[in-house]
Amino acid sequence: MPELPEVHTTATFLDRALRGKIITNAWSDYHVKSVQKIGIKDSKLFSVFSNKILGKKILSVTRRAKNILFRLSDNISIVAHMKMTGHFLLGAYRRKKEWVGPIPPTFEHEEWIPTERGDLQNPFNRFIRFVISFSDGTTLALSDLRRFARIEFFDTLRLENEFKKFGHEPLEKSFTFTVYKKQILKRTTGKIKTILMDQSIIAGIGNIYSDEILYSADVHPESNPSRIPHAELKKIYTAMRLILKKSIRLGGDSMSDYRKPDGTRGEFQNCHNAYRRTGKPCKKRNCSGIITRKKVGGRSAHFCPIHQKLY
Ligand SMILES: [Zn+2]
């Protein structure tokens with residue numbers, strides 16, 4: 001699932017490319033009965049959504065937690081969460097519509113095909129479920145193999161309230177060590193990995209980065225935060241900021257489905273020390289550990305049982 005660096009990479013790319021563009025069309029083939037009152041997967045809601053955004057201008061594209069936020073003119077915002085396998089792509093696409101099935105054909109099949117050869121044609125980028133077209137002929141497409149992505153629309157003025165549920169942004173200047181420590185120690189029970197991934201405490205960290213942060217800070221994922229010494233708490237804080245920034249520089253992590261909006265891969269997957277390295281030797285100098293996998297709070301934690309100390 002895309003985490004802070006992947007969502008940041010996508011939002012930054014789209015902000016540069018989409019600012020000022022006018023929406024001329026919206027399309028979706030999610031068409032499932034949705035329980036969300038503001039999501040677009042229900043076809044009735046999609047037509048409301050479509051009517052709302054047609055003719056609107058993109059003012060900015062930003063990130064909050066793991067959400068991408070498209071601010072449009074007339075106080076309308078689209079909020080997208082890429083979930084498991086979703087990622088946005090940007091380029092030139094053509095719509096291919098054909099009738100399939102027995103004769104006479106009964107089922108109309110539509111797909112979006114990139115018009116130029118290149119990374120947008122990569123198999124990981126071919127599951128187009130949602131499309132927005134712009135007046136200059138460019139297309140924003142969402143590839144989402146498992147169809148879990150969430151797209152909602154909001155009155156921009158209501159967004160602040162909607163985002164109150166998210167915790168601190170770990171890369172904000174205001175998120176000092178003192179603020180972080182206070183947040184982490186709010187929970188007297190629980191395990192440090194689970195707490196790092198709790199979106200209401202710190203926003204944007206998921207399975208990959210919590211594993212890498214704790215490996216780097218020499219702290220076992222099952223440690224109780226209140227027992228972690230001050231020096232180690234500081235190591236987690238420093239590692240968190242360094243690792244997230246490093247991954248942003250590398251365009252995020254494409255070990256799984258995530259791709260940048262031009263269809264190319266990020267490179268952070270080449271830097272893993274713990275995540276999905278089960279059974280491999282620890283890379284830390286003079287450490288004889290073997291990376292182990294264990295369920296922590298319902299998620300797979302990858303860690304070195306030798307140098308990552310349990311507190
Ligand atoms: Zn080790």
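In this predicted model, the centres of domain 1 and domain 2, taken over C-alpha atoms, are separated by 30 Å. Domain 1 covers residues 4-64 + 66-165, while domain 2 covers residues 177-303. Where the two domains touch, 22 residues of domain 1 and 19 residues of domain 2 take part in the contact.

**The side of domain 1 that touches domain 2**

- Two or more residues on this side come from each of the elements α1 (4-18) and β5 (86-91).
- The element that gives the most to this side of domain 1 is α1, which supplies 8 residues.
- By residue type, the side of domain 1 that touches domain 2 divides into 10 nonpolar, 8 polar and 4 charged residues.

**Overall dimensions**

- Because a compact globule with 311 residues would have a radius of gyration near 19 Å, the 21 Å of this chain agrees with that expectation.
- Taken along the principal axes, the box that the C-alpha atoms of the chain fill is roughly 65 × 45 × 35 Å.

**Secondary structure, burial and contacts**

- The secondary structure of the chain consists of 7 helices and 12 strands.
- Of the 311 residues in the chain, 37% are buried.

Definitions and conventions. Residues numbered from 1 in each chain as written. Predicted model: local features only at pLDDT ≥ 70, side-chain atom pairs only at ≥ 80, totals over all residues. Helix = DSSP H or I, 4+ residues; strand = E, 2+ residues; numbered from the N terminus. Rg over C-alpha atoms; globule rule 2.2 N^0.38 Å. Buried ≥ 20, exposed ≤ 12 C-beta atoms within 10 Å, placed from the backbone. Domains from an automatic or database assignment. Contact = placed C-beta atoms within 7 Å. Nonpolar A, V, L, I, M, F, W, Y, C, P; charged D, E, K, R; others polar.
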